[in-house]
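Subject: Structure handover and findings

Hi,

Here is the structure for you to work with. Please open it alongside this note.

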Amino acid sequence: MQRNFLSQQFNAVFLAENSTACPANATICDGTSCVLSEDNFNQTLSVVLSTVLTILLALVMFSMGCNVEIKNFLSHIKRPWGIFVGFLCQFGIMPLTAFLLSLAFNILPIQAVVVMIMGCCPGGTASNVIAYWVDGDMDLSISMTTCSTLLAMGMMPLCLFIYTKMWTDADAIVLPYDSIGLSLVALVIPVSFGIFVNHKWPSKAKIILKVGSIVGAVLIVLIAVVGGILYKGSWIITPKLWIIGTIFPAAGYSLGFLLARLAGLSWNRCRTVSLETGMQNTQLCSTIVQLSFSPEQLELMFTFPLIYSIFQLLFALLILGGYRLYRRRHVKTTTDVEKSAPKEDSKSAPKEDSKSAPKEDSKSGAKINGGLVSDEMK
(Lines give C-alpha, C1' and ligand atoms only; values in the text may rest on other atoms or scores of the structure.)
Protein backbone atom coordinates (compact mmCIF):
# COMPACT_ATOMS: atom_id res chain seq x y z
CA MET A 1 0.00 0.00 0.00
CA GLN A 2 2.86 2.34 0.86
CA ARG A 3 4.51 1.47 -2.47
CA ASN A 4 1.32 2.39 -4.35
CA PHE A 5 1.16 5.69 -2.47
CA LEU A 6 4.78 6.51 -3.38
CA SER A 7 4.08 5.55 -6.98
CA GLN A 8 1.12 7.92 -7.10
CA GLN A 9 3.25 10.70 -5.66
CA PHE A 10 5.96 10.06 -8.25
CA ASN A 11 3.41 10.13 -11.08
CA ALA A 12 1.95 13.40 -9.80
CA VAL A 13 5.39 14.99 -9.63
CA PHE A 14 6.31 13.63 -13.05
CA LEU A 15 3.14 15.03 -14.60
CA ALA A 16 3.62 18.40 -12.93
CA GLU A 17 7.19 18.66 -14.15
CA ASN A 18 6.80 17.30 -17.66
CA SER A 19 3.28 18.29 -18.72
CA THR A 20 3.26 20.98 -21.36
CA ALA A 21 -0.30 21.91 -20.41
CA CYS A 22 0.26 22.79 -16.76
CA PRO A 23 2.94 24.72 -14.91
CA ALA A 24 5.37 22.87 -12.65
CA ASN A 25 3.79 24.16 -9.43
CA ALA A 26 0.27 22.96 -10.28
CA THR A 27 -1.31 21.04 -7.42
CA ILE A 28 -3.71 19.22 -9.75
CA CYS A 29 -2.84 18.37 -13.34
CA ASP A 30 -4.12 15.72 -15.70
CA GLY A 31 -3.01 17.25 -18.99
CA THR A 32 -6.34 18.95 -19.68
CA SER A 33 -6.74 21.26 -16.69
CA CYS A 34 -4.79 22.40 -13.69
CA VAL A 35 -5.15 24.31 -10.44
CA LEU A 36 -2.26 26.24 -8.94
CA SER A 37 -1.62 26.39 -5.23
CA GLU A 38 -2.33 29.79 -3.72
CA ASP A 39 0.77 31.80 -3.03
CA ASN A 40 1.16 34.73 -0.64
CA PHE A 41 1.13 37.23 -3.50
CA ASN A 42 -2.24 36.02 -4.78
CA GLN A 43 -3.74 35.96 -1.29
CA THR A 44 -2.59 39.50 -0.51
CA LEU A 45 -3.65 40.74 -3.94
CA SER A 46 -7.06 39.12 -3.56
CA VAL A 47 -7.72 40.70 -0.15
CA VAL A 48 -6.56 44.17 -1.17
CA LEU A 49 -8.38 44.21 -4.48
CA SER A 50 -11.56 42.72 -2.99
CA THR A 51 -11.66 45.55 -0.45
CA VAL A 52 -11.00 48.24 -3.05
CA LEU A 53 -13.45 46.80 -5.56
CA THR A 54 -16.17 46.46 -2.92
CA ILE A 55 -15.83 50.14 -1.98
CA LEU A 56 -15.77 51.23 -5.62
CA LEU A 57 -18.80 49.06 -6.41
CA ALA A 58 -20.76 50.63 -3.55
CA LEU A 59 -19.90 54.11 -4.88
CA VAL A 60 -20.94 53.11 -8.40
CA MET A 61 -24.29 51.78 -7.18
CA PHE A 62 -24.75 54.99 -5.20
CA SER A 63 -24.26 56.96 -8.43
CA MET A 64 -26.67 54.67 -10.29
CA GLY A 65 -29.25 55.39 -7.60
CA CYS A 66 -28.87 59.09 -8.43
CA ASN A 67 -30.68 58.35 -11.71
CA VAL A 68 -33.67 56.74 -10.02
CA GLU A 69 -36.79 58.65 -9.02
CA ILE A 70 -38.82 57.38 -6.09
CA LYS A 71 -42.13 57.78 -7.95
CA ASN A 72 -40.98 55.75 -10.97
CA PHE A 73 -39.26 53.12 -8.83
CA LEU A 74 -42.41 52.58 -6.75
CA SER A 75 -44.51 52.38 -9.92
CA HIS A 76 -42.51 49.30 -10.95
CA ILE A 77 -43.15 47.75 -7.54
CA LYS A 78 -46.88 48.52 -7.64
CA ARG A 79 -47.29 47.41 -11.28
CA PRO A 80 -44.52 44.81 -11.59
CA TRP A 81 -45.13 43.67 -15.16
CA GLY A 82 -41.55 44.51 -16.19
CA ILE A 83 -40.17 42.86 -13.05
CA PHE A 84 -42.29 39.77 -13.72
CA VAL A 85 -40.96 39.50 -17.28
CA GLY A 86 -37.44 39.84 -15.89
CA PHE A 87 -38.22 37.13 -13.32
CA LEU A 88 -39.30 34.74 -16.09
CA CYS A 89 -36.08 35.47 -17.96
CA GLN A 90 -33.81 35.18 -14.93
CA PHE A 91 -35.22 32.02 -13.35
CA GLY A 92 -36.97 30.52 -16.38
CA ILE A 93 -34.92 31.13 -19.52
CA MET A 94 -31.43 31.05 -17.99
CA PRO A 95 -31.69 27.73 -16.06
CA LEU A 96 -33.43 26.07 -19.02
CA THR A 97 -30.74 27.34 -21.42
CA ALA A 98 -28.02 26.04 -19.09
CA PHE A 99 -29.71 22.64 -18.95
CA LEU A 100 -30.09 22.39 -22.74
CA LEU A 101 -26.49 23.47 -23.39
CA SER A 102 -25.21 20.88 -20.92
CA LEU A 103 -27.17 18.15 -22.67
CA ALA A 104 -26.28 19.32 -26.18
CA PHE A 105 -22.51 19.31 -25.51
CA ASN A 106 -22.66 16.13 -23.41
CA ILE A 107 -20.28 17.51 -20.78
CA LEU A 108 -19.33 15.69 -17.59
CA PRO A 109 -21.92 15.73 -14.78
CA ILE A 110 -19.76 17.89 -12.53
CA GLN A 111 -19.30 20.39 -15.38
CA ALA A 112 -23.02 20.39 -16.08
CA VAL A 113 -23.67 21.27 -12.44
CA VAL A 114 -21.46 24.37 -12.54
CA VAL A 115 -23.15 25.51 -15.77
CA MET A 116 -26.50 25.07 -14.01
CA ILE A 117 -25.29 27.06 -11.00
CA MET A 118 -24.35 29.92 -13.33
CA GLY A 119 -27.78 29.76 -14.97
CA CYS A 120 -29.57 29.90 -11.62
CA CYS A 121 -27.63 32.89 -10.24
CA PRO A 122 -29.37 36.28 -9.97
CA GLY A 123 -28.46 39.29 -12.10
CA GLY A 124 -25.22 41.13 -11.45
CA THR A 125 -24.77 44.81 -10.64
CA ALA A 126 -22.71 45.35 -13.82
CA SER A 127 -25.99 45.23 -15.75
CA ASN A 128 -27.08 48.49 -14.08
CA VAL A 129 -24.01 50.32 -15.40
CA ILE A 130 -24.41 48.99 -18.95
CA ALA A 131 -28.16 49.72 -18.83
CA TYR A 132 -27.32 53.37 -18.11
CA TRP A 133 -25.02 53.58 -21.13
CA VAL A 134 -27.64 52.10 -23.49
CA ASP A 135 -30.34 54.50 -22.19
CA GLY A 136 -32.24 51.72 -20.48
CA ASP A 137 -34.89 52.14 -17.82
CA MET A 138 -32.75 52.55 -14.71
CA ASP A 139 -35.74 52.28 -12.38
CA LEU A 140 -36.57 48.88 -13.89
CA SER A 141 -32.92 47.79 -14.01
CA ILE A 142 -32.26 48.40 -10.32
CA SER A 143 -35.62 47.00 -9.22
CA MET A 144 -34.96 43.85 -11.28
CA THR A 145 -31.47 43.38 -9.81
CA THR A 146 -32.81 43.88 -6.28
CA CYS A 147 -35.76 41.52 -6.75
CA SER A 148 -33.74 38.79 -8.47
CA THR A 149 -31.13 38.86 -5.68
CA LEU A 150 -33.86 38.66 -3.04
CA LEU A 151 -35.81 35.92 -4.84
CA ALA A 152 -32.59 33.96 -5.46
CA MET A 153 -32.71 32.76 -1.85
CA GLY A 154 -35.70 30.63 -2.77
CA MET A 155 -35.48 30.24 -6.55
CA MET A 156 -31.86 29.03 -6.69
CA PRO A 157 -32.48 25.94 -4.49
CA LEU A 158 -35.68 25.20 -6.43
CA CYS A 159 -34.08 25.48 -9.88
CA LEU A 160 -31.02 23.50 -8.84
CA PHE A 161 -33.25 20.78 -7.36
CA ILE A 162 -35.25 20.51 -10.59
CA TYR A 163 -32.38 20.58 -13.08
CA THR A 164 -29.40 18.96 -11.34
CA LYS A 165 -30.98 15.85 -9.85
CA MET A 166 -30.04 13.84 -12.96
CA TRP A 167 -26.35 14.65 -12.32
CA THR A 168 -25.94 15.05 -8.56
CA ASP A 169 -27.73 15.36 -5.24
CA ALA A 170 -28.95 18.95 -4.85
CA ASP A 171 -28.01 18.78 -1.15
CA ALA A 172 -24.34 18.56 -2.17
CA ILE A 173 -24.46 22.15 -3.50
CA VAL A 174 -23.77 24.68 -0.76
CA LEU A 175 -25.64 27.94 -1.24
CA PRO A 176 -23.96 30.85 0.60
CA TYR A 177 -27.04 32.68 1.83
CA ASP A 178 -24.80 35.09 3.71
CA SER A 179 -23.11 36.10 0.43
CA ILE A 180 -26.50 36.56 -1.24
CA GLY A 181 -27.63 38.66 1.71
CA LEU A 182 -24.46 40.77 1.58
CA SER A 183 -24.95 41.30 -2.17
CA LEU A 184 -28.48 42.50 -1.46
CA VAL A 185 -27.34 44.88 1.28
CA ALA A 186 -24.46 46.17 -0.88
CA LEU A 187 -27.02 46.93 -3.58
CA VAL A 188 -29.93 48.34 -1.58
CA ILE A 189 -28.09 50.70 0.79
CA PRO A 190 -25.99 52.65 -1.78
CA VAL A 191 -28.91 52.83 -4.22
CA SER A 192 -31.20 54.11 -1.45
CA PHE A 193 -28.74 56.90 -0.65
CA GLY A 194 -28.54 57.72 -4.36
CA ILE A 195 -32.34 57.93 -4.66
CA PHE A 196 -32.42 60.24 -1.64
CA VAL A 197 -29.74 62.52 -3.12
CA ASN A 198 -31.62 62.64 -6.44
CA HIS A 199 -34.79 63.60 -4.57
CA LYS A 200 -33.18 66.34 -2.46
CA TRP A 201 -30.45 67.68 -4.78
CA PRO A 202 -31.23 66.75 -8.41
CA SER A 203 -28.52 68.98 -9.90
CA LYS A 204 -25.81 67.41 -7.75
CA ALA A 205 -27.18 63.94 -8.50
CA LYS A 206 -26.58 64.48 -12.24
CA ILE A 207 -22.90 65.28 -11.60
CA ILE A 208 -22.50 62.21 -9.36
CA LEU A 209 -24.22 60.08 -12.00
CA LYS A 210 -21.86 61.14 -14.79
CA VAL A 211 -18.77 60.45 -12.69
CA GLY A 212 -20.14 57.16 -11.36
CA SER A 213 -21.10 55.87 -14.80
CA ILE A 214 -17.53 56.36 -16.05
CA VAL A 215 -16.05 54.79 -12.92
CA GLY A 216 -18.48 51.90 -13.25
CA ALA A 217 -17.44 51.19 -16.83
CA VAL A 218 -13.76 51.15 -15.78
CA LEU A 219 -14.60 48.97 -12.77
CA ILE A 220 -16.27 46.29 -14.90
CA VAL A 221 -13.17 45.95 -17.08
CA LEU A 222 -10.92 46.01 -13.99
CA ILE A 223 -12.82 43.14 -12.37
CA ALA A 224 -12.37 41.01 -15.50
CA VAL A 225 -8.62 41.76 -15.60
CA VAL A 226 -8.20 41.02 -11.88
CA GLY A 227 -10.02 37.72 -12.29
CA GLY A 228 -7.64 36.76 -15.09
CA ILE A 229 -4.64 37.52 -12.88
CA LEU A 230 -5.91 35.66 -9.81
CA TYR A 231 -6.95 32.56 -11.78
CA LYS A 232 -4.07 32.54 -14.26
CA GLY A 233 -3.15 28.95 -13.39
CA SER A 234 -6.51 27.44 -14.31
CA TRP A 235 -7.16 28.59 -17.85
CA ILE A 236 -6.65 25.22 -19.52
CA ILE A 237 -9.98 23.40 -19.39
CA THR A 238 -12.06 21.43 -21.86
CA PRO A 239 -12.96 23.34 -25.06
CA LYS A 240 -16.62 22.46 -24.54
CA LEU A 241 -16.79 24.79 -21.54
CA TRP A 242 -15.22 27.58 -23.60
CA ILE A 243 -17.91 27.12 -26.24
CA ILE A 244 -20.71 27.04 -23.66
CA GLY A 245 -19.22 30.11 -21.95
CA THR A 246 -19.46 31.91 -25.30
CA ILE A 247 -22.95 30.80 -26.32
CA PHE A 248 -24.61 31.08 -22.90
CA PRO A 249 -24.44 34.89 -22.32
CA ALA A 250 -25.28 35.57 -25.99
CA ALA A 251 -28.37 33.36 -25.66
CA GLY A 252 -29.33 35.16 -22.44
CA TYR A 253 -29.16 38.60 -24.05
CA SER A 254 -31.06 37.50 -27.16
CA LEU A 255 -33.80 35.49 -25.46
CA GLY A 256 -34.29 38.14 -22.76
CA PHE A 257 -34.79 40.83 -25.41
CA LEU A 258 -37.14 38.61 -27.42
CA LEU A 259 -39.35 37.68 -24.45
CA ALA A 260 -39.52 41.32 -23.29
CA ARG A 261 -40.58 42.41 -26.77
CA LEU A 262 -43.21 39.65 -26.97
CA ALA A 263 -44.50 40.85 -23.59
CA GLY A 264 -45.09 44.31 -25.11
CA LEU A 265 -42.40 46.25 -23.26
CA SER A 266 -40.97 49.41 -24.81
CA TRP A 267 -37.64 49.27 -26.63
CA ASN A 268 -35.64 50.81 -23.79
CA ARG A 269 -37.12 48.30 -21.35
CA CYS A 270 -36.38 45.45 -23.75
CA ARG A 271 -32.72 46.49 -23.68
CA THR A 272 -32.88 46.62 -19.89
CA VAL A 273 -34.41 43.15 -19.53
CA SER A 274 -31.91 41.78 -22.05
CA LEU A 275 -28.95 43.02 -20.02
CA GLU A 276 -30.44 41.87 -16.72
CA THR A 277 -30.95 38.40 -18.19
CA GLY A 278 -27.53 37.89 -19.77
CA MET A 279 -25.37 39.48 -17.06
CA GLN A 280 -25.19 37.06 -14.14
CA ASN A 281 -23.67 37.41 -10.67
CA THR A 282 -20.50 35.48 -11.52
CA GLN A 283 -18.86 36.24 -8.16
CA LEU A 284 -21.70 34.40 -6.42
CA CYS A 285 -21.28 31.44 -8.79
CA SER A 286 -17.55 31.25 -8.00
CA THR A 287 -18.30 31.27 -4.27
CA ILE A 288 -20.84 28.43 -4.59
CA VAL A 289 -18.46 26.35 -6.71
CA GLN A 290 -15.55 26.71 -4.30
CA LEU A 291 -17.75 25.87 -1.29
CA SER A 292 -19.39 22.84 -2.90
CA PHE A 293 -16.61 20.89 -4.60
CA SER A 294 -13.30 19.29 -3.74
CA PRO A 295 -10.01 20.37 -5.41
CA GLU A 296 -10.13 17.23 -7.58
CA GLN A 297 -13.55 18.27 -8.89
CA LEU A 298 -12.61 21.93 -9.25
CA GLU A 299 -9.99 21.07 -11.86
CA LEU A 300 -12.75 20.17 -14.33
CA MET A 301 -14.64 23.48 -14.18
CA PHE A 302 -12.74 25.88 -11.92
CA THR A 303 -12.69 28.85 -14.31
CA PHE A 304 -16.08 28.54 -16.00
CA PRO A 305 -17.50 31.51 -14.01
CA LEU A 306 -14.57 33.63 -15.18
CA ILE A 307 -15.03 32.52 -18.80
CA TYR A 308 -18.72 33.43 -18.62
CA SER A 309 -17.84 36.78 -17.04
CA ILE A 310 -15.44 37.67 -19.86
CA PHE A 311 -17.87 36.79 -22.65
CA GLN A 312 -20.86 38.43 -20.98
CA LEU A 313 -18.78 41.62 -20.78
CA LEU A 314 -17.62 41.26 -24.39
CA PHE A 315 -21.16 40.87 -25.73
CA ALA A 316 -22.40 43.71 -23.50
CA LEU A 317 -19.74 46.01 -24.98
CA LEU A 318 -20.79 44.95 -28.49
CA ILE A 319 -24.42 45.78 -27.63
CA LEU A 320 -23.32 49.12 -26.21
CA GLY A 321 -21.19 49.95 -29.26
CA GLY A 322 -23.95 48.98 -31.69
CA TYR A 323 -26.56 51.01 -29.82
CA ARG A 324 -24.33 54.08 -29.57
CA LEU A 325 -23.63 54.00 -33.30
CA TYR A 326 -27.33 53.65 -34.06
CA ARG A 327 -28.30 56.46 -31.71
CA ARG A 328 -25.66 58.82 -33.05
CA ARG A 329 -26.93 58.29 -36.57
CA HIS A 330 -30.59 58.54 -35.55
CA VAL A 331 -30.14 61.66 -33.40
CA LYS A 332 -28.26 63.33 -36.27
CA THR A 333 -31.12 62.56 -38.64
CA THR A 334 -33.69 63.85 -36.14
CA THR A 335 -31.74 67.08 -35.65
CA ASP A 336 -31.61 67.68 -39.39
CA VAL A 337 -35.39 67.23 -39.62
CA GLU A 338 -35.98 69.62 -36.70
CA LYS A 339 -33.78 72.29 -38.32
CA SER A 340 -35.81 72.15 -41.52
CA ALA A 341 -39.16 72.35 -39.68
CA PRO A 342 -41.05 75.71 -39.70
CA LYS A 343 -40.35 77.98 -36.74
CA GLU A 344 -44.07 78.49 -36.11
CA ASP A 345 -44.34 74.88 -34.91
CA SER A 346 -41.84 75.46 -32.14
CA LYS A 347 -43.59 78.64 -31.05
CA SER A 348 -47.00 77.03 -30.99
CA ALA A 349 -45.82 74.15 -28.80
CA PRO A 350 -46.67 74.53 -25.08
CA LYS A 351 -43.68 75.52 -22.99
CA GLU A 352 -44.36 73.06 -20.22
CA ASP A 353 -44.16 70.11 -22.62
CA SER A 354 -40.64 71.00 -23.74
CA LYS A 355 -39.46 71.23 -20.16
CA SER A 356 -41.17 68.25 -18.62
CA ALA A 357 -41.02 65.72 -21.45
CA PRO A 358 -37.91 63.53 -21.47
CA LYS A 359 -35.80 63.26 -24.59
CA GLU A 360 -36.97 60.14 -26.34
CA ASP A 361 -35.96 58.23 -29.40
CA SER A 362 -39.34 57.69 -31.04
CA LYS A 363 -38.07 54.76 -33.07
CA SER A 364 -36.16 52.86 -30.40
CA GLY A 365 -38.06 54.05 -27.34
CA ALA A 366 -34.81 55.29 -25.80
CA LYS A 367 -35.10 57.68 -22.92
CA ILE A 368 -31.90 59.67 -22.84
CA ASN A 369 -30.75 59.18 -19.26
CA GLY A 370 -31.59 62.04 -16.99
CA GLY A 371 -35.36 61.63 -17.16
CA LEU A 372 -36.57 58.05 -17.28
CA VAL A 373 -40.35 58.11 -17.14
CA SER A 374 -42.51 55.00 -17.03
CA ASP A 375 -44.52 54.74 -20.23
CA GLU A 376 -46.08 51.31 -20.12
CA MET A 377 -49.69 50.59 -19.24
CA LYS A 378 -50.60 54.29 -19.17
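Below is what was found in it.

**Ground rules**

This is a predicted model, so to speak of local features a pLDDT of at least 70 is needed, side-chain atom pairs count only at pLDDT 80 or more, and totals for chains, interfaces and linings use all residues. Residues are numbered from 1 along each chain as its sequence is written, and side-chain values use heavy atoms, with hydrogens and water left out.

**The chain overall**

The chain holds 16 helices and four strands. These are DSSP runs numbered from the N terminus: helices are H or I with at least four residues, strands are E with at least two. Of the 378 residues, 47% are buried. Buried means under 20% relative accessible area, exposed means over 50%, and partly exposed lies in between (1.4 Å probe, protein chains only).

The accessible surface is about 19,300 Å², and carbon and sulfur atoms account for 67% of that. Areas come from the Shrake-Rupley method with a 1.4 Å probe; for residues, only the protein chains shown count as cover.

Now contacts, meaning heavy atoms within 4.5 Å. Take those between residues at least 6 apart in sequence: 82% join residues at least 24 apart.

**Aromatic rings**

A pair of aromatic rings is described by the distance of the centres and the angle of the planes. Rings of Phe, Tyr and Trp (its six-membered ring) pair if their centres lie within 6.5 Å; planes under 30 degrees apart are stacked, over 60 edge-to-face, and the rest tilted. The whole structure has nine aromatic pairs.

One of them is Phe99 with Trp167, a tilted pair at 5.6 Å centre to centre and 50° between the planes. It links distant parts of the chain, 68 residues apart. Phe99 sits in helix H4 (residues 81-105), while Trp167 sits in the loop between helix H7 (138-164) and helix H8 (177-200). Phe99 is buried at 17% relative accessible area. Trp167 is buried too, at 18%.

Phe196 and Trp201 give an edge-to-face pair, because their planes stand at 85°, with the ring centres 6.0 Å apart. Phe196 is partly exposed at 43%. Trp201 is partly exposed at 40%.

Ring pairs also join Phe99, Tyr163 and Trp167 into a cluster.

Arg261 lies over the face of Trp267, 3.8 Å from the ring centre. The test is NZ of Lys or CZ of Arg within 6 Å of the ring centre and within 35 degrees of the ring normal.

**Cavities**

Three cavities of 30 Å³ or more turn up in the whole structure. A cavity is a set of points, on a 1 Å grid over the protein atoms alone, where a 1.4 Å probe fits but cannot get out; lining residues have an atom within 4 Å of a point. Grid points are joined across faces, edges and corners, and the volume is the space filled by probe spheres set on the points.

The largest cavity holds about 80 Å³. Its lining includes Ile83, Phe87, Phe91, Met144, Cys147, Leu151 and Glu276. H4 and H7 are the elements that give two or more residues to that lining.

Helix H6 (126-133) is largely enclosed by the rest of the structure, because seven of its eight residues are buried. They are Ala126, Ser127, Asn128, Val129, Ile130, Ala131 and Tyr132. Just after H6, Asp135 takes a positive phi of about 55°, although Asp135 is not a glycine. Asp135 is in the loop between H6 and H7 and is buried at 2%.

Ile220 is in helix H9 (residues 202-230) and is buried at 12%. Leaving aside neighbours within four places in sequence, Ile220 contacts Ala126, Val129, Ile130 and Leu313.

**Two more residues**

Asn106 has a positive phi of about 50° and is not a glycine. Asn106 lies in the loop between H4 and helix H5 (109-120) and is exposed at 61%.

Thr282 is in helix H12 (residues 282-292) and is buried at 7%. Not counting residues up to four places away in sequence, Thr282 touches Met118, Pro305, Tyr308, Ser309 and Gln312.

Best wishes

Note on methods:
1 Å grid on protein atoms, 1.4 Å probe; cavity = no way out; pocket = protein on both sides within 12 Å on 5 of 7 lines; lining within 4 Å.
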